[in-house]
Amino acid sequence: MATFGTLSDRLTETLRNLRTKGKLTAADVDGTVREIRRALLDADVALPVVKEFTARVRERALGDEVNRALNPAQQVVQIVNDELVGILGGEQRRLQMAKTAPTVIMLAGLQGSGKTTFAGKLAKMLEKEGHTPLLVACDLQRPNAVNQLQVVAERAGAAVYAPEPGNGVGDPVRVARDGVEVARRQQHDVVIIDTAGRLGVDADLMKQASDIRRATDPDEVLFVIDAMIGQDAVNTAKAFQEGVDFTGVVLSKLDGDARGGAALSVASVTGRPIIFASTGEGLEDVEAFHPDRMASRILDLGDILTLIEQAQQAFDEAEAMKVAEKLATEQFTLEDFLEQMQQLKKMGSMKKMLGMLPGMGSMKQQLDDFDEREIDRTEAIIRSMTPGERRNPKVLNGSRRLRIARGSGMTVTDVNQLVQRFDQAAKMMKTVARGGVPSIPGMGPVPGSGRPGASSKRGKQPKAKGSRSGNPAKRAAENAGIAATAAPTGSGFGLGASAQPSAEDLAELQRMLGKG
């Protein structure tokens with residue numbers, strides 16, 4: 001989500017400064033609201049939206065809900081989050097499907113906004129949900145637009161209706177009307193109409209889009225807007241709403257490095273919900289837009305729900321159970337590790353997934369430096385091994401490692417590091433599978449690991465400590481002091497001194513790993 005990166009940094013830093021204050025004064029609130037206003041304006045958020053947003057934040061921050069809060073700073077963060085959700089549309093809005101097929105979806109927007117690419121993304125998404133979409137090529141103005149849609153449809157595995165060659169030839173209104181009829185005859189339950197755009201808003205563009213809408217009576221008209229075009233996004237959205245009207249918004253190019261705040265203004269200015277967000281060039285790089293989750297990302301609070309949904313789509317539950325069983329029975333091999341990496345790659349960019357974790361905004365440099373090709377290098381090393389070597393890495397002597405390094409284009413050091421990391425991970429997995437607490441490499445053994453009540457040496461009880469003073473009164477006082485020091489005083493987190501897992505906890509962990 002590079003588009004909102006600068007805005008996220010500014011808001012996070014502003015709200016972080018509140019955490020050092022036990023009680024907020026009117027001056028503190030005014031200073032915070034002033035910084036929020038500057039951050040939003042610098043991000044190209046529309047001025048009317050900024051005024052309304054900051055006014056509501058200030059009113060609520062000075063109200064009783066903050067004065068009565070145990071932690072006023074956290075309460076202000078919650079207020080800012082709530083108001084961000086509001087300007088982003090409030091609640092998620094799904095596509096409205098027609099009661100009688102086919103559902104007609106018309107795409108509108110300026111040239112270069114990403115309509116054709118999004119048509120393919122939407123078709124692939126709908127196919128995964130069990131629909132049979134038909135793409136209709138009505139952009140007969142832009143050079144090679146029809147060919148582009150055909151290529152995108154082929155990559156998405158969707159059918160396409162393109163009777164005209166385009167490049168200025170053909171009647172887009174007739175193509176749109178005939179496309180809906182073809183879909184009805186061929187039993188496609190969704191029609192996606194890709195319309196023409198212009199470099200700017202003009203009368204010809206609006207007339208053609210209006211004619212297509214009247215001819216097809218679409219169930220949804222999605223306005224595709226480039227999140228990188230700045231303040232002109234609001235003016236363009238208003239023009240399309242007045243000339244054609246639309247039912248929902250699609251934000252494209254959210255992976256760009258522009259300020260992009262104007263895109264945040266579209267839902268508030270037009271009153272139309274944002275339904276989809278496009279986050280990359282791949283056909284899988286599109287997601288349903290959740291205002292609450294986007295607000296959490298902007299405030300660096302993470303987006304765990306989206307991360308979980310992506311994991312559920314990428315990972316096979318039956319395969320995961322097999323892996324859990326292998327972990328429990330100590331049969332996890334490099335072949336299994338390779339399969340897990342391949343499933344991880346299905347989830348998409350590792351940088352995007354890590355960026356969904358809370359607090360990752362403060363680790364932006366580490367994320368930028370993260371090399372996603374490291375997974376490909378690891379995969380190349382494992383694939384250069386024989387099946388026997390993958391199942392039993394202990395047979396890897398010097399000559400075998402040299403052969404693997406040459407076969408994968410890596411060095412012997414890279415091969416050694418992979419085997420070493422796998423051995424460490426396998427040991428940790430075995431310890432957890434047995435109900436123990438693992439030691440983390442580089443950090444030493446975890447305090448409290450091992451069996452509850454067990455000493456460091458088997459069968460040997462710790463020696464009793466006490467005072468050896470010859471004075472009975474002094475000896476009694478010193479012994480009492482030792483007992484008080486050894487008594488549980490609670491952990492640093494106020495959760496009690498005992499760090500040992502209960503028998504029920506260990507049984508539950510073993511059951512989850514497939515051993516119980």
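Are Phe223 and Phe240 buried or exposed? Phe223 is buried, and Phe240 is buried too. Here buried means under 20% relative accessible area, exposed means over 50%, and partly exposed lies in between (1.4 Å probe, protein chains only).

## The model

This is a predicted model, in which local features need pLDDT of at least 70 and side-chain atom pairs count only at pLDDT 80 or more, while totals for chains, interfaces and linings use all residues. Residues are numbered from 1 along each chain as its sequence is written, and side-chain values use heavy atoms, with hydrogens and water left out.

The mean pLDDT of the protein chain is 75 (pLDDT is the predictor's confidence in each residue, from 0 to 100). Of its residues, 66% reach 70 or more. Over residues 440-464 the pLDDT is below 50. That stretch still has 15 contacts in the model beyond near neighbours in sequence. A contact means heavy atoms within 4.5 Å. Residues 482-500 also have pLDDT below 50, with eleven contacts beyond near neighbours in sequence.

## Overall build

The protein chain has 23 helices and eight strands. These are DSSP runs, numbered from the N terminus: helices are H or I with at least four residues, strands are E with at least two. Of the 516 residues in the protein chain, 42% are buried. Take the contacts between residues at least 6 apart in sequence: 72% of them join residues at least 24 apart.

## The cores

Nonpolar side chains tend to be buried together in soluble globular proteins. A nonpolar core is a set of buried Ala, Val, Leu, Ile, Met, Phe, Trp, Tyr and Cys residues joined through side-chain atoms within 4.5 Å. The largest one has 94 residues. Phe118, Ile192, Leu222, Phe240 and Phe276 have the most contacts inside it. Helix H5 gives the most to this core, with eight residues. A second, separate core has 15 residues, including Ile375 and Leu396.

Leu222 touches residues well along the chain, leaving out those up to four places away in sequence. Among them are Leu95, Phe118, Val250 and Phe276.

H5 covers residues 72-87. Buried residues in H5 include Val76, Val80 and Leu84. Gly89 follows H5, with a positive phi near 125°.

Helix H12 (residues 291-298) is mostly covered, with seven of its eight residues buried. Arg293 and Arg297 are among the buried ones.

## Aromatic pairs

A pair of aromatic rings is described by the distance of the centres and the angle of the planes. Rings of Phe, Tyr and Trp (its six-membered ring) pair if their centres lie within 6.5 Å; planes under 30 degrees apart count as stacked, over 60 as edge-to-face and the rest as tilted. The whole structure holds three such pairs.

Phe118 and Phe276 have ring centres 5.7 Å apart and planes at 50°, so this pair is tilted. Phe118 sits in helix H6 (residues 115-128) and Phe276 in strand E7 (residues 274-278), 158 residues apart. Phe118 is buried at 3% relative accessibility, and Phe276 is buried at 5%.

Phe223 and Phe240 have ring centres 4.9 Å apart and planes at 35°, so this pair is also tilted. Phe223 lies in strand E5 (residues 220-226) and Phe240 in helix H10 (residues 232-243), so the pair ties together parts 17 residues apart in sequence. Ring pairs link Phe223, Phe240 and Phe246 into a cluster.

Technical notes: The expected span of a helix is 1.5 Å times one less than its number of residues.
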